[in-house]
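Here is a short report on one protein chain. Keep the model open beside you and find each residue as it comes up.

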Amino acid sequence: MNMEVFVLGTGGMMPLPYRYLTSVLVRREGELFLFDCGEGTQVSLRSLNLRWKKISAIFISHTHADHVTGLPGILMLSSQVDRSDPLYIYGPPKIREYVEMSRQVLDMYINYEIVVEEVPWGESVVCYRGEGFSVRTIPLRHTKPCVGYVLEEDPRPGVFHPERARELGVPMGPLWSRLQRGEVVKNVRGEEVRPEMVLGPPRAGRKVAFVTDTLYLPHIKDYVKGADLFICEGMFSHELAETAAEKRHLTAREAGRIAREAEGVGKLGLIHYSPRYTNRDLQVLLEEAKEEFPEAFLCRDRQTIPIPYRD
């Protein structure tokens with residue numbers, strides 16, 4: 001089952017000619033999930049030939065303009081591509097009002113169902129559940145209610161051992177498939193054979209975490225531990241740590257610290273850069289993050305990141 005992450009925009013505060021506002025899309029076996037929707041999201045979707053008709057759900061961190069200004073265009077555009085499935089939108093308080101007022105003021109023509117769910121602020125909940133995975137919120141602290149998100153697959157069955165199945169009298173064929181699906185079967189002698197008798201220990205699914213616009217909070221590490229990819233804002237350098245704290249943002253070094261303190265993070269992708277940094281200047285942010293977490297990298301607009309299984 002394929003999983004890929006597409007970085008649609010990496011900027012904070014204002015779009016630049018070479019850097020759109022923050023937006024990340026996860027594609028899992030053809031199903032699309034959008035995290036934040038800054039200005040320029042549609043352009044990157046088109047550049048990457050991604051079909052926004054397939055977006056099942058949109059997860060908004062907070063209702064500051066640089067994270068939601070691309071949303072009205074996505075809603076209107078979806079009416080032009082024969083969408084029939086509902087579109088789910090999740091976010092903290094005010095997201096429903098933003099969507100409803102945008103529809104009203106812009107007199108949107110919408111020919112499909114839009115379901116807006118406001119998630120509790122200050123606590124973690126599973127806000128979305130799909131086939132074999134879920135999306136959980138992370139409580140963050142910004143200048144207005146803000147949440148991060150974790151998309152995590154359910155554990156996978158352990159490795160199937162055919163020699164054990166044969167020894168237990170289960171012939172190769174449909175019964176093997178049923179065992180791998182977690183079902184109890186009967187062998188040629190009519191005895192029950194349970195999945196754990198022929199399978200190794202359960203294996204972890206894949207996990208992607210998205211955190212932006214927050215002060216450093218010790219509990220973030222508890223939610224992102226084990227993430228194959230942790231996308232996290234690194235808006236300022238350590239030199240501007242006071243400015244970051246005042247505006248309730250993370251420095252690149254703090255992003256690296258969270259990744260280091262969390263257990264089992266595979267890679268850290270920095271995002272949501274201040275417009276004060278040119279693409280060349282971003283190297284400073286990367287170096288500071290790598291001092292804390294060597295597997296850090298700079299997210300770039302229209303970058304594609306495959307998420308393979310670790311085993």
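R206 lies over the face of Y309, 3.9 Å from the ring centre. A second case is R83, whose charged end sits over the ring of Y112 at 5.6 Å from the centre. The rule for a charge over a ring asks that NZ of Lys or CZ of Arg be within 6 Å of the ring centre and within 35 degrees of the ring normal.

The model is predicted, so local features need pLDDT of at least 70 and side-chain atom pairs need 80 or more, while totals for chains, interfaces and linings use all residues. Residues are numbered from 1 along each chain as its sequence is written, and side-chain values use heavy atoms, without hydrogens or water.

What kind of residues line the largest cavity? Ten are nonpolar, with no polar and no charged ones. They are V24, V26, F35, Y149, V150, L151, V208, A209, F210 and I231. Strands β2 (23–28), β9 (147–153) and β12 (207–211) each supply at least two of the lining residues. The volume of this cavity is about 50 Å³.

Some terms need their rules. On a 1 Å grid over the protein atoms alone, a cavity is a set of points where a 1.4 Å probe fits but cannot get out; a pocket is an open set with protein on both sides within 12 Å along at least five of seven lines; lining residues have an atom within 4 Å of a point. Volume is the space filled by probe spheres set on the points, with grid points joined across faces, edges and corners. Ala, Val, Leu, Ile, Met, Phe, Trp, Tyr, Cys and Pro count as nonpolar, Asp, Glu, Lys and Arg as charged, and the others, including Gly, as polar. Strands (E, at least two residues) and helices (H or I, at least four) are DSSP runs, numbered from the N terminus.

**A residue of the cavity lining**

I231 lies in strand β13 (residues 229–233). Its relative accessible area is 1%, so I231 is buried. Buried means under 20%, exposed over 50%, and partly exposed in between (1.4 Å probe, protein chains only). Beyond its neighbours within four places in sequence, I231 is in contact with V5, V24, A209, F210, V211, G269 and I271. Contact means heavy atoms within 4.5 Å.

**Aromatic pairs**

Rings of Phe, Tyr and Trp (its six-membered ring) pair if their centres lie within 6.5 Å; planes under 30 degrees apart are stacked, over 60 edge-to-face, and the rest tilted. By this rule there are twelve aromatic pairs. Two of them follow.

| Pair | Centre to centre | Angle between planes | Type |
|---|---|---|---|
| F33 and F133 | 5.2 Å | 65 degrees | edge-to-face |
| Y90 and Y128 | 5.9 Å | 85 degrees | edge-to-face |

F33 in strand β3 (residues 31–35) and F133 in strand β8 (residues 133–139) are 100 residues apart. Y90 lies in strand β5 (residues 87–91) and Y128 in strand β7 (residues 126–130), so this pair ties together parts 38 residues apart in sequence. Both F33 and F133 are buried, and so are Y90 and Y128. One aromatic cluster is formed by F33, F35, F59, Y88, Y90, Y128, F133, Y149 and F210.
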